[in-house]
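Please consult the sequence and the structure shown below alongside the text.

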Amino acid sequence: LMNYILKILLSAVAVLVIGYILPGVQVDSYVTAIIVAFVVGLLFSILKPILVILTLPVTILTLGLFLFVINAALILLANSWIDGFSVSGFWTALLFSILLSVFESVLYKIIEKN
């Protein structure tokens with residue numbers, strides 16, 4: 001449980017940093033960032049596997065690149081659900097999801113070493 005909470009908090013830090021550096025992404029507060037991290041984590045763990053299975057032929061045809069489209073769509077879904085979190089469009093959501101994955105990977109590796 002503590003590990004999960006720590007990952008949510010680190011993801012929230014990543015959301016805040018990306019919101020600060022990426023034009024077109026707005027995160028109002030740290031509480032909003034925590035909510036975004038939680039909702040995006042839920043969407044990626046529950047909805048993404050279903051979407052991957054449903055879109056498997058397209059994903060195979062595009063050599064996996066369609067997974068980026070799924071990620072961006074999930075970010076846009078979170079955008080529509082959460083007040084205080086704003087993503088300006090599809091391409092911004094795509095870049096946001098890529099940067100979030102990179103930031104989370106780096107932060108999680110730092111935690112695993114400790």
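**Packing of α1 and α2**

Helix α1 (residues 2–21) packs with helix α2 (residues 30–54) at an angle of about 115°, their axes being 8 Å apart. Axes are lines fitted to C-alpha atoms, for helices over the stretch in contact, and angles run from 0 to 180 degrees between N-to-C directions. The model is predicted: local features need pLDDT of at least 70, side-chain atom pairs count only at pLDDT 80 or more, and totals for chains, interfaces and linings use all residues. Residues are numbered from 1 along each chain as its sequence is written, and side-chain values use heavy atoms, with hydrogens and water left out.

- On the α1 side, the contact (heavy atoms within 4.5 Å) is made by Tyr4, Ile8, Leu9, Ser11, Ala12, Val13, Val15 and Leu16.
- On the α2 side, Tyr30, Ala33, Ile34, Val36, Ala37 and Phe38 make the contact.
- The residues of this contact divide into 13 nonpolar, one polar and no charged; Ala, Val, Leu, Ile, Met, Phe, Trp, Tyr, Cys and Pro count as nonpolar, Asp, Glu, Lys and Arg as charged, and the others, Gly among them, as polar.

**Overall architecture**

- The secondary structure comprises five helices and two strands, where helices (H or I, at least four residues) and strands (E, at least two) are DSSP runs numbered from the N terminus.
- Along the sequence, the pattern is α-β-α-α-α-β-α.
- The C-alpha atoms fill a box of roughly 40 × 35 × 20 Å along the principal axes.
- Among contacts between residues at least 6 apart in sequence, 62% join residues at least 24 apart.

**Two buried residues**

- Buried residues (under 20% relative accessible area, with a 1.4 Å probe and protein chains only) make up 33% of the 114 residues.
- Val87 lies in strand β2 (residues 85–87) and counts as buried because its relative accessibility is 6%.
- Leaving aside neighbours within four places in sequence, Val87 is in contact with Gly24, Ile75, Leu76, Asn79, Thr92 and Ala93.
- The C-alpha atoms of Val87 and Gly19 are separated by 9.0 Å, although these residues are 68 residues apart along the chain.
- Ser97 belongs to helix α5 (residues 90–113) and is buried, with a relative accessible area of 3%.
- Not counting residues up to four places away in sequence, Ser97 touches Asn71, Ala72 and Ile75.

Key: Buried means under 20% relative accessible area, exposed over 50%, partly exposed in between (1.4 Å probe, protein chains only).
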